[in-house]
Structure formats: structure tokens, C-alpha cells
Amino acid sequence: TNITSQINVFSNNFNVGLYPPIIKAYAAENKRGMFALIFNGSKITFFLMWVFALPMFLEMETILHIWLKNPPPESVLFTRLALVEVLINSISLPLATAARAPGRMKVYELTLGVIQLLIFVVAWIVLKIGAPAYSVFVVAIVANLIMFIVRLVIVRGLIELPVGQYSRQVVLPVMGVVLLSAIPSLFVHFYLPKGLWYTCISVSLSVVFSTIAMYFVGLDKRWREKVRGVVINRINRLL
């Protein structure tokens, strides 16, 4: 859909900026700096996407009715599933950038290329046996999860990426942010009455919940200090 494609473009544009410093750190054999760029890049890419994706996921029905007036019957479900796919892909983008650093892309491109081809084959088989149309998105989501794991394994072989450290510093904080922001946001969404103003309240609160969870759970102490410094500087300029 157009919504998810625009969000995907946003995350790709952000990761373009990570490419030069990752390559520079690899060339200088600064593995610690390179790993920090990959870890923080993965988290921040996901967090930037999550701030938009969570309220859109919750209020997709209202958003599509405002945008399309009469959206197709399954468009809400399709778009929600597409958002999940984009979110999984977003956390993998810095890994894809890191894989290019050594210049040995043959195994990486071939392996992921085969998995991407299998998406079409499996989706075709799933539809052929009578599964509903949304199954195509489920296949894509599962494939993206597999590709995320495959990227981790290949990048570990290419640049000695510490997968355990990646899991602790990226995967666990991301899961924590998702749970701690999604649960209260879902509660607000289901208990507020229907209506445009209530939708605005739901969207605003989901952004607040996401921001709080990212700050306290998603970021380490050094990054929290950086964020505080930026916020304080902005406030001082306004005053």
C-alpha cells in the first residue's frame, strides 16, 4: 500500500546516512565503533518507524475511511499486516549496510535472493490451496523474520558481529518498547468511544506511550543524556 511504502522510504533514507560511517569504521578496523553504529542504527530505525506505525496500526480503519472514503473490505487488515512486515524489515536495514562493508556480497545476496523468490512460490501455493488473500502478507512476515535471522548469521561471519550482544542491546529493548507502548495504547483504543476527536486522543497518547518507553527502556544511559541535551537546547532556544 501507499502508506507502508512511504514509511519504508523514510526508513531507507535514514539508513543511507549510516552507510558512510559504518564503512569508515570497518576500514579503520574500529570494530567497537562499527558495532555501536549497527546496534544504535537498528534500534533508532525501528523506533522512528514505531512512532508512526503504532498509532496507524490502531486507528487504521479511521485513517483509511478519511483518506479513501470507501476503502475495500480487507484493506485495514492488509495495511496492518504490511506495517508489521515493514517494521521487521526496518530493524534489519543497518545489518544489510554492515554486510556491504567487507565487499563480499555473493553469499549474502544469493541467500536472501533465494528466500525472496521463495516468498512468491510459497504465497502462490498458499493461495492455490484456498487460503485467504491476507495469507500472502503472513508469508511475507514469516519470510522477513527468517531473513532477519539469516542476516545476523551472515553478518556475524563477515564482520564478527557479536549476535548475543546484538540480541541484548537491540532485540530485547525493541521488544520491551513494543510491549510497554502497545499494551496501554490498545487499552485506550478499545475503551475510548468512536469519533474523530477520540481518534486524535488515541493517536496522541500512543505517541506519548511510545516516546516514554523508548526513552526509559529503548535507550541506554548515554543516549538518554544525548536526548536530554537536545531537548534542553531546543527549549532554551525557544525561551
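The model is a predicted one. Its largest nonpolar core has 51 residues, and helix H3 gives the most to this core, with 12 residues. The structure also holds 8 aromatic pairs, and some of the residues named below belong to both topics.

- In soluble globular proteins, nonpolar side chains tend to be buried together.
- Two or more residues come from each of helix H2 (19–27), helix H3 (31–58), helix H4 (60–68), helix H5 (75–100), helix H6 (106–128), helix H7 (135–159), helix H8 (163–191) and helix H9 (196–218).
- Helix H3 makes the greatest contribution, which amounts to 12 residues.
- Leu-95 illustrates the contacts of one such member: leaving aside residues up to four places away in sequence, Leu-95 touches Ile-38, Phe-148, Arg-151, Leu-152, Val-155, Leu-161 and Tyr-166.

**Aromatic pairs**

- A pair of aromatic rings is described by the distance of the centres and the angle of the planes.
- There are 8 aromatic pairs in the structure.
- In the pair formed by Phe-39 and Tyr-166, the ring centres are 5.7 Å apart and the planes meet at 65°, so the arrangement is edge-to-face.
- This pair links distant parts of the chain, since Phe-39 belongs to helix H3 and Tyr-166 to helix H8, 127 residues apart.
- Both partners are buried: Phe-39 has a relative accessibility of 3%, and Tyr-166 has one of 0%.
- Tyr-215 and Phe-216 form another edge-to-face pair, with 4.9 Å from centre to centre and 85° between the planes.

- Phe-35 is located in helix H3.
- With a relative accessible area of 11%, Phe-35 is buried.
- Not counting residues up to four places away in sequence, Phe-35 is in contact with Ile-159, Glu-160, Leu-161 and Pro-162.
- Phe-35 and Ile-159 are separated by 124 residues in sequence, while their C-alpha atoms are 9.3 Å apart in space.

**Charged residues over aromatic rings**

- Arg-80 lies over the face of Phe-57, and its distance from the ring centre is 5.4 Å.
- Lys-226 lies over the face of Trp-223, at 4.6 Å from the ring centre.

**Two loop residues with positive phi**

- Glu-29 occurs in the loop between H2 and H3, and its phi is near 60°, a positive value in a residue other than glycine.
- Glu-29 counts as exposed, with a relative accessibility of 71%.
- Glu-160 occurs in the loop between H7 and H8, and the phi of Glu-160 is likewise positive, near 60°, in a residue other than glycine.
- Glu-160 counts as exposed at 54% relative accessibility, and Glu-160 is also one of the residues that Phe-35 touches.

Notes. Residues are numbered from 1 along each chain as its sequence is written. This is a predicted model: local features need pLDDT of at least 70, side-chain atom pairs count only at pLDDT 80 or more; totals for chains, interfaces and linings use all residues. Side-chain values use heavy atoms; hydrogens and water are left out. A nonpolar core is a set of buried Ala, Val, Leu, Ile, Met, Phe, Trp, Tyr and Cys residues joined through side-chain atoms within 4.5 Å. Buried means under 20% relative accessible area, exposed over 50%, partly exposed in between (1.4 Å probe, protein chains only). Helices (H or I, at least four residues) and strands (E, at least two) are DSSP runs, numbered from the N terminus. Contact means heavy atoms within 4.5 Å. Rings of Phe, Tyr and Trp (its six-membered ring) pair if their centres lie within 6.5 Å; planes under 30 degrees apart count as stacked, over 60 as edge-to-face and the rest as tilted. A charge sits over a ring if NZ of Lys or CZ of Arg is within 6 Å of the ring centre and within 35 degrees of the ring normal.
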